[in-house]
Every structure is written in structure tokens, then in C-alpha cells.
Amino acid sequence: MTEDPALKGAATARRDPPWLIRTYSGHSSAKASNALYRTNLARGQTGLSVAFDLPTQTGYDADHPLARGEVGKVGVPISHLGDMETLFEGLPLDRMNTSMTINATAPWLLALYVALAEKQGIPRAALCGTVQNDIVKEYLSRGTYIFPPGPSLRLTTDVIAFTYREIPKWNPINVCSYHLQEAGATPVQELAFSLATAIAVLDAVRESGQVPERDFPRVVGRISFFVNAGIRFITEMCKMRAFTELWDEICRTRYGIEDAKYRRFRYGVQVNSLGLTEQQPENNVYRILLEMLAVTLSKNARARAVQLPTWNEALGLPRPWDQQWSLRLQQIVAYETDLLEYDDIFDGSTVIAAKVAELKAEALAELARIEAMGGAIAAVESSYMKQRLVESNSRRLAAIESGEQVVVGVNRFTDSAPSPLTTGAEAGFLTVDDTAEREQVAALQAWRAGRDAGRVKAALDALRAAAAEGRNVMEPSIACAHAGVTTGEWGAALREVFGEYRAPTGVGRAAAPSDGERLAAVRAEVERVSARLGRRIKMLVGKPGLDGHSNGAEQIAVRARDAGLEVVYEGIRLTPAQIVNAALEEGVHVVGLSILSGSHVALVSEVLKRMRGLGLGDVPVVVGGIIPPEDERRLTAAGVARVYTPKDYDLTAILRDIVDLVDRTTQEAA
């Protein structure tokens, strides 16, 4: 068979190298996570992506009251330099490419990493990797912020100014659209909100005076992005092409960057976790693979690093074998297919060009609106961006409920044989041993006892002084790391200077789509029960602990409000005591708790105990989150009235159930 002449020259002269192949991992302890990293690297992973637990992300030590139940659950606990040393034991820092998903405490974790390298005799300039360090999206989605936006942006600036001088191969920020999509963002919102964040960061760096004008292009060239790719992979691929073109234009026109290499859109990706389903979880493998195509097919907009979620993340924490499966998906695409042998296969496509142009035009219009408000920080403080995300997520969920947006195995093709992947003692996911928290607390206390207290105090005093005087905090933070300062002590020192912050929830003014007759029927029930009670049904929606993923809580609050309930929702990061006191003071009829970090048993049990102690034992408690069946049984036995998991996607049905629950329990109490 002769070769088609039209195909000559389509392939590149050589096969392109694959992207960095990562898995996002960390759990239980530094020792356990180190063993996991060694295993994954031996199986062909080419870069580390470190997940930290919520106390580490929010600047608390493992023995802080807010850390209860959270230690080691969604990532590895790192309390001090000793933990960092254990985490990277036997791994050559000068030959590693390490990505650390850390934001509010990014200066501290980077300081620990640098201090570890210095302790091992490795020069700073040899280090290569990334800290996420995007605080704006924390106010909008993940919720692991600590300080107000102004000081937070200043800390981001300090990291950028430090790394360009001291660690030139380091990416000091990953501007994240990933978490925006997880919060419900449309492709246009992803483009506009993340680019607005990048502009705010670069403007702040330029205005700080820490970087000479001649060096500013180098700073721009180190800005990287972390994106998401959903199941509509043609639209997602076009989004990535739009990103590359818009970023090039912004760098050229706003910042005057002439060298094309400094204008390159450099990004890593984890594909969508929001669309992973608890029902028929084996289907998630196909979703993950298809979503990966969006960020690898187009050479001109190809990811520099890819990490894939696992098929069972809607069920619980993945096991090493589950991570291996996702690793193999990447390797098959990278090494078995001919994807890396061709130039961009979409160049010249009128369909693709039209979609890219449409996305760019809409994103530029949204960017102009944000710019008119005063930029990304002003749009956070006014709740504009958060409100838009809540509304977009409401529309997405309403489309799934109505069947307009098909999710296979959830709202169509639901008949299924039991999945063999979820049978057996492990039930298809990893359970973190409850002893991990106790062991971390004991080790932390031993670490504190073995330090030079005077050296610790001097280092913290120097850190506070630098923060108060407006000096870069990185060198004082590295000195703190060497002195044995802990994560909680570093966080407390800066809280003293900068204060803390509670971001707007976006719930109050968010406009939700109408659910027509179904919601009207629930509203009628609310009116009937409220009339019998003599006042409107009141529901407290609470987020106990450090879990900042508030999307579910926000959507329940919006739907409950639209169903006619009076809703009390104060946002994230509340102690069980605060939630119970609010329930008492507000006189609520039902308490709804949302927890996605795996800390549900400990935190819910404490809420129930405190409610009984204050005479609120007859107020029903309902719980939502990623809750395995065994934990659901434990919660029900403890007194929880209802447990809702990702399979319960119909919010109107959930609200109807809650109203019926209030109706019955209030009659029984009477």
C-alpha cells in the first residue's frame, strides 16, 4: 500500500517528549507518604505532586482544636522540618520536580523545602518544582485561605520575588482554574477569573518594587497555571487554545513582554473530579481518559504536566493500586499511541477556530467587567465572582436533575450489576487509620520538647517584624524552619500581624434556576409545616472543621432558601461548639452538616454530643459528604437522621425529605 502524499510532512521530525507524569498523593503521615512516593516513582511517575492535609494548608498544628479529625485525611501532615525530612527521605531534591499543592501557607512549605535542601548541602538554585500559591481561588472554591486578600497577595508576591532570584527553575505560582470548574465555573468563567487573578498577581509584583523592571519578563516567564478539563473535551481543548492565545496577548500588550518564550502559557492539569460518580464508579475510568485528551491532543496547547484522579475518588481515598491505574492511563497515551509524533492536528480547522474565537471574546468581555470593578481582589471582596460561581453551579445541578445534562449511570442508564471493583474488605478505597492523628500529635509534642526555645522565639520575632515592616518573609521563614518552628506557630505569628478573614459565601444574592412544579410542591409543604409550627422552618447549614469545599453546602443553602426555608449559613471553618451555639441561638428546626474531608465521624459525633448537652437532642441532624457505607452506619447509629452522599444528586428531593423530617420530628417532640 503506497503512502498518501497528502500525509507527508504531517508527522514531526522526532517524537516529542511526554509531559511530566504525576499522581496527586499524600496521606496519614510523612513516613507513609514517602513510601507511596517511592512506589509511584518506581512505577514510572516522573514528577511528585504532594497533597497536604487541611491543618497544614490552613496553618494549624495537629493538636489544634480545629485540626481534630482532619490530620492526615486529605493529604500528608507537615508540622516542621523533621516531617519534611521524613517526607522526602531517599529522594534526590536536586533531581526532583516537586509540585506542592499549598496556598495560604505556601511561603512556609517552600521555606521548609529550601531548609531541607540546605541541610542536605543542595544549593537553592538546583531546586525545581512548583508551589500552587494562588490565594484568590481559595476565597472562591477550596476555602483554605487564612488572611485577608491584601496581605495574602503580599505573601504571594514575596514568594515570587524570592524564587526568581534564589530558585530560578521554580514556578512560584500555579494560577488555578481547576478549582473554579470544581465550583461550577463555565469555560468562560475559568478563562476570565484565572486570567484576572494572574493580572492581579503580576500587577502586585510590579508595584511591590521587589523586582527591577529589567527582570520583570523573567518573572512573567515563571508564571504557570493549573487547569481542569471536563468531559466535553472538544470545548475543553478549545478552552486551552484560547488560554494560550489570551495569555500571549496579555503578556505582550499589558506587560510589554517581547520574548515569546516568556509569553508561553505553561500549565499543568488534573482532569475533572467534579464529574466522577459514586454510581457505577467503573465508568469514571473512561471519563478520566477522555478528559485527558482535551489537554494532550492539541500540541500548541498541550499540558506540561498531567495528574489524573482515580476511578474511586467519589467513594473515598484511592489506594496505591488505584493510583497505578491512573498512571498507566497516562503512560499508554504517551508511549503506545502516536500522539507525540505530530504537529498540532487542529491548526486550520474552521470549527475549532470559531469556537476558540467565541470563548476568547466572551472571556475578554468578562475580564473587562472585572477590570472595571478594580480587578480580581475587588471582585472577591464584593462577592461578584463567588456569586457567579454559585449561580453557575446551580444551573449545572438543575440540568442534571432535570435530565437535560446526561450523566451515565446517574440520571440515565442507571440499571447496573454490582461493581466487582467495590467488593471485598476495603470496599474499593483506602481508609486512613485513626491512629495516624494520635501519632502525629505525639511526635509533634516530642519535637517541641526537643527544641531550643530561645532560638524558636528569636526566629518567630524576626518573622513578625518582617511581616509588620513590609519586608519579604521568605528568608525569616527559612530561618524559622531551621530553628524548628512548627506550621501552627508560623501561622499564628502571621495571624497576629495580618489578622484572619471570612470570605463572602455568595449565597445571599445568588440567583438559582427555577425547578418548576417540583420545587413549588416543596414550597407548599414548607408553608404548611411552617403554619403548623407558628413560624417559618429554619435550617442551619454548617461546615465543621477545616474542610473548605463548600459547593455542596452552598447549593443546599440556595435551594432551601428558594424552597421557602429560613436558612442560617455562615460559611466554612466552624468548630462544633460554634455550630451548636448557633443552632441554640437561632432556634433551628434542623441542622445540616457538610463534610468532604473524611473527618465526618469525629466532627459529627462531637456536634451530636454538644447538642444533647444543651438540650437540642430532639433537633434532627442530617449530614452530606463523601461518606462510605460503614461510616454511614456509624453515623446513623450515633443519632444522625439522614446521610446524603454524591449519589443523592437531586437537591429538590433532598429538601423534600428534610421538610418531611422536620414535620415528623416536631410533631413527635410536641
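User: In what order do the five strands of the open sheet run, and which are the edge strands?

Analyst: This is a predicted model, in which local features need pLDDT of at least 70, side-chain atom pairs count only at pLDDT 80 or more, and totals for chains, interfaces and linings use all residues. Residues are numbered from 1 along each chain as its sequence is written, and side-chain values use heavy atoms, without hydrogens and water. The open sheet has parallel pairing and the order 2-3-4-5-6, where strands are DSSP runs of E with at least two residues, helices are runs of H or I with at least four, both numbered from the N terminus, and two strands pair if DSSP finds at least two bridges between them. Pairing on one side only marks the edges, strand 2 (24–25) and strand 6 (170–171).

User: Which residue is the bridge partner of S49 in strand 4?

Analyst: Strand 3 (residues 48–51) and strand 4 (residues 98–101) are joined by four bridges in the parallel sense. Within strand 4, S49 has as its bridge partner S99.

User: Why does F413 count as exposed?

Analyst: F413 sits in the loop between helix 15 (384–402) and helix 16 (435–449). Exposed means over 50% relative accessible area, buried under 20%, and partly exposed in between (1.4 Å probe, protein chains only). F413 counts as exposed because its relative accessibility is 55%.

User: What share of the 670 residues in the chain is buried?

Analyst: The chain contains 25 helices and 15 strands. Its C-alpha atoms fill a box of roughly 75 × 75 × 55 Å along the principal axes. Of the 670 residues, the buried share is 60%.
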